[in-house]
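I opened this notebook to record what I looked up in one structure. My entries treat a strand with its partners, and then a pocket.

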Amino acid sequence: MHKILKPQQLLSKKPNLTHFFSTKTPIPLPYGTETNDPSYEDIPKPVRDKSERKPYVTPMKVLIKRAKEEREARKLQPCRMLENPPDNGLLVPQLVPVAHQVYEAREALISGISKLVKVIPVQKCRFCHELHIGHVGHEIRTCTGPGSGMRSSTHVWRKGRVHDVVFFPKSYHLYDRVGKPRVVHDESRRVPRIPAIVELCIQAGVDLEKHPTKRRTKPVYSIEGRIVDFEQAKENECNWLDENPGPLTVSDLGTKSDEARNFIADKETDQLEESDEGATDLRDISIGTIESWFKMISGAKKIMEKYGVLTCGYCPEVQVGPKGHKVRMCKATKHQYRDGLHAWQEATIDDLVVPNYVWHVRDLNGLPLDNNLKRYYGKAPAVVELCVQAGAPVPDQYRSMMRLDVVPPDRDEVDLVA
């Protein structure tokens, strides 16, 4: 006769979990639950509506709480010396070598891409920012440029270039990121604009002769929220706004000018195409290029944890520094209400270095991608796709995004697939 348990005994009785999790073999997940894997990443979502604002990296409640705490601390101690770098004008010592690595990785990335685009074909749409890696452009109807409605959103392809594969938005160069963190509208013609990632490296410790910056030896003071520097300026310090900078020569990093670098890249590419071991050399170049890409991205993320980078909530404008500039150049939605000023917010790594996602092609010499089969195709950053087509192994973090485990049906099998 079975023993009847009371409800209290049923609640207190615990199941033996060791029986279910004692095996060492992994249990396969049912179809549709693979998204729980933290390493899984699907293809990026379609481009947001231009009238929508970019999502905040830090929640608004946290930003409001942080601002209240800073205001209360300012009331309790109106005059105080800032202790934590880089807010006090000093460099973060552990990030100085990281900044040099990011700068060198960017130079190696551009050099590698300039060699690969002459061997691997790159297609660029004439009317929008769509990019494609392959001999023939894809047939997916995603064009949003002028006259796209008359063309049924089909792309018109032309030959792509290096700056189409990777795009570095520009930022105003700050001579003193703490003493004068903002560029006003009247200074927009005099202050140079350089790639934002280069400006980030300069503020983090890279010294470029063409773009000088002020380096302090003592921290600054904050008096009622205003930065005051009691350190005496050096006598030989010149006014960077009025001087005419000379050519770029950086002896510490061993970098060269753009013309010389492009000439060397072209010469090496010609030798690469003429050599018998071109395939092996091409694969080595692609592996080195993709390594430079990951090194640049990972290093920039570390620097952005300490050094502020801001972006406009409605347009791609980026400003490296504690505050955004006041140049009235925003032409995005609702710019009339802001008098052309940008709506600054915290930036992400995709705002600093635009990845420019492209469709993954399994065979460069095969048929172009069909619009009816676009849900079976994967995507990847243009740099990653270019290097993979040149022979580099597929990175693990992009395997799910490129949908390598999906077998697309043939064109005549579209109606047979659910």
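I began with terms: buried means under 20% relative accessible area, exposed over 50%, and partly exposed in between, with a 1.4 Å probe and protein chains only. Helices (H or I, at least four residues) and strands (E, at least two) are DSSP runs, numbered from the N terminus.

I noted that this is a predicted model, in which local features need pLDDT of at least 70, side-chain atom pairs count only at pLDDT 80 or more, and totals for chains, interfaces and linings use all residues. Residues are numbered from 1 along each chain as its sequence is written, and side-chain values use heavy atoms, with hydrogens and water left out.

Entry on strand E2. I looked up residues 122–125: Val122 and Lys124 point one way, Gln123 and Cys125 point the other way, and all are buried. In a regular strand the side chains alternate between the two faces of the sheet.

Entry on pairing. Two strands pair if DSSP finds at least two bridges between them. I found that E2 pairs with strand E3 (residues 131–133) in the antiparallel sense over 3 bridges, and Gln123 has His132 as its bridge partner in E3. E2 and E3 form a hairpin, with 5 residues between them. I also found E2 joined to strand E4 (residues 157–159) by 3 bridges, again antiparallel; here Lys124 stands opposite Arg158.

Entry on the lining of the second largest pocket. I counted residues by class, with Ala, Val, Leu, Ile, Met, Phe, Trp, Tyr, Cys and Pro as nonpolar, Asp, Glu, Lys and Arg as charged, and the others, Gly among them, as polar. The lining has 18 nonpolar, 9 polar and 14 charged residues.
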